[in-house]
Amino acid sequence: MAAPLRVSTTGLLCLQKACLTRREDDLPQHEAPEAVAALHRTKRQLATVPTLDLEAIGVLQRAGVTERQPFYLGPDGSYDLHLNRFFRDLPNWGVKSENGMDAYASDIMLQCRFLHEARGGKSIWQIDSEDLRAYKYARLHAEDPDDRITGSTWTRTLAALDKWVKWSLDAGLLEEEPFRYVDKTVMTPQGPKQVRVNSECEPGSRNAEMKFLPYEDYLLWRDVGLLGYLPDGGRDPKWRGRNGERNGLFADLLVCTGMRLREAASLVLPELPPLAQGRGDVHLSPAVTKRHTPRTVFIRRKVLRDLHHHVGFERDELVQRKVAEGAYRWDDPFLVRQANRQTMVVVGKRRAWKYSDLGHADRLRLIGMDAGSRPTGPLWLWLGEDGQPLSSATWQSAFRRANERCAAFGIDFNVHPHTLRHTFAVHMLGLLLRQTIRAMGMNEDRHFTSAQIKRMLIGNPMRKLQLLLGHAHEETVYIYLDVLDEAQEIVLSALAEWDEQSAVLDRVEVPVEVSR
């Protein structure tokens, strides 16, 4: 590959229409390696990359390399043909979302870097069980706590490597499995089932990492960490944060809807429910959801009102100022002449576009137009100080800074965007419990055994929670039943804060027949 395309000796690079830059507010110096890799992007379209002659472009296009396609460069800058073919084949092997492909590519890249730097210059095609064991120890038990990963991240790393092993065996590139696998019996709602797992998996790591916040703790974390208040509720005169209100509003959106980070970060203005409607329903496009499964979430009225205030005042002022400064330089934008909550009309396109057709990269290119056909600014909902769309890495950084600020006041919270998704699930499960009790004519303050709770919630209520969270299988939400076993009082005491959401449960349509 041509030298200008090489980001680092063992880095990731994706072809897309976005600048290869690191804004200070996007990527602090101590950002995790995964986020560093994810931000490596080219600026131009494939066909307009300088130093690539027509023959090289033709090779890439015939190979199926598309925009935002991750690829790996070896330590000497060489292009690993087979490994990059694996990245291109990921959609055919069950990894279809951009987020999933980026995560798998980052995991493989980091493994390749470790092999080269710590295992005698090995390539991934020479890896064995001892290499994997050494990598596991380096990732889970690093000397510096900042370099350690969680059990769930290690589980994802193994999933990426196991997927590569299966693909490589199928393609005839490996003669045998390089890792050791063991048979394990697990309990499922259908009874015991035997599964084959990598011997380096961490038992129980998924459930052990499931964390949530009581709602009162969430408010404290948000106010101190994101909004700049003191723990006693007063204003901190030393607070210099400029985006606290925006960041706090984003956190409120996550905690009241259960959206994943990428889903909330990819919203565009026309998807925002009108305030007058009062329902607060957001129809998440399959183009940005996990496993491309559409679903509807509901925003609490107060949060919806705050969102409209943000869009009409802070965001609008920012965009108008940047337009007046001439700060916007759009490279091949999609100019949107009209848009409603179902479709949009794009200049030069023969038919209206549905949001289900708009993936992450396309949404970044959506530019609104006024009545005089003049560009008015990006339609991406969340913007940075420069008026440009915010990346998921920016939100991760904002949450980390909030944790650090809370720690400075002795508040021991380690909150990630996914923590707020779990928080939503636990509190919503409490609402489901109370609604079920009311329907059965029982006293709400009665205490139940774990077996009674599970009997009441299995079935239609759990299916509702599954739909709200967008999980593929109802069994996935059973982990929140275990949380109720341990924290029933916390859940029930927080229900008063969530009265506005109780009507949401009745609006979630449950299919008559559910395929498992």
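A residue is taken as buried when its relative accessible area is under 20%. By that criterion, 48% of the 516 residues of the protein are buried in this predicted model. The fold comprises 18 helices and 11 strands. The protein exposes about 25400 Å², and carbon and sulfur atoms account for 50% of that area. Contacts across the sequence are well represented: among those between residues at least 6 apart, 65% join residues at least 24 apart.

Helix 3 covers residues 81–89 and helix 6 covers residues 151–170; their axes lie 11 Å apart, and the packing angle is about 105°. Because angles of 65 to 115 degrees count as roughly perpendicular, helix 3 is assigned a roughly perpendicular arrangement relative to helix 6. On the helix 3 side, the contact is built from H82, L83, R85, F86 and D89, while helix 6 contributes A160, K163, W164 and W167. Sorted by class, the residues of this contact are 5 nonpolar, 1 polar and 3 charged.

I124 sits in the loop between helix 4 (98–118) and helix 5 (129–140). Its relative accessibility is 3%, so I124 counts as buried. Along the chain, I124 and L83 are 41 residues apart, yet their C-alpha atoms are separated by 8.8 Å.

From helix 9, the residues R246, N247, F250, A251 and L254 meet W395, A398 and F399 of helix 13. This contact holds 6 nonpolar residues, together with 1 polar and 1 charged.

F399 brings the description to the aromatic side chains. The count of aromatic pairs in the model comes to 13. In one of them, the ring centres of W221 and F399 are 5.1 Å apart and the ring planes stand at 45°, so the pair is classed as tilted. W221 belongs to helix 8 (residues 215–226) and F399 to helix 13 (residues 392–408), and the pair thus links distant parts of the chain, 178 residues apart. Both W221 and F399 are buried. These two residues also belong to one aromatic cluster, which they form with Y215 and Y218.

Another aromatic pair is found between strands. The rings of F334 and W353 have centres 4.8 Å apart and planes at 85°, so this pair is edge-to-face. F334 lies in strand 7 (residues 334–339) and W353 in strand 9 (residues 353–354), so the pair ties together parts 19 residues apart in sequence. F334 and W353 are both buried.

How values were computed: Residues numbered from 1 in each chain as written. Predicted model: local features only at pLDDT ≥ 70, side-chain atom pairs only at ≥ 80, totals over all residues. Heavy atoms only, no water. Axes fitted to C-alpha atoms, helices over the stretch in contact; angles between N-to-C directions. Helix = DSSP H or I, 4+ residues; strand = E, 2+ residues; numbered from the N terminus. Parallel < 35°, antiparallel > 145°, perpendicular 65-115°, else oblique. Contact = heavy atoms within 4.5 Å. Nonpolar A, V, L, I, M, F, W, Y, C, P; charged D, E, K, R; others polar. Buried < 20%, exposed > 50% of the residue type's maximum accessible area, 1.4 Å probe, protein only. Areas by Shrake-Rupley, 256 points an atom, 1.4 Å probe, with all protein chains shown as cover. Phe/Tyr/Trp six-rings, centres within 6.5 Å; stacked < 30°, edge-to-face > 60°.
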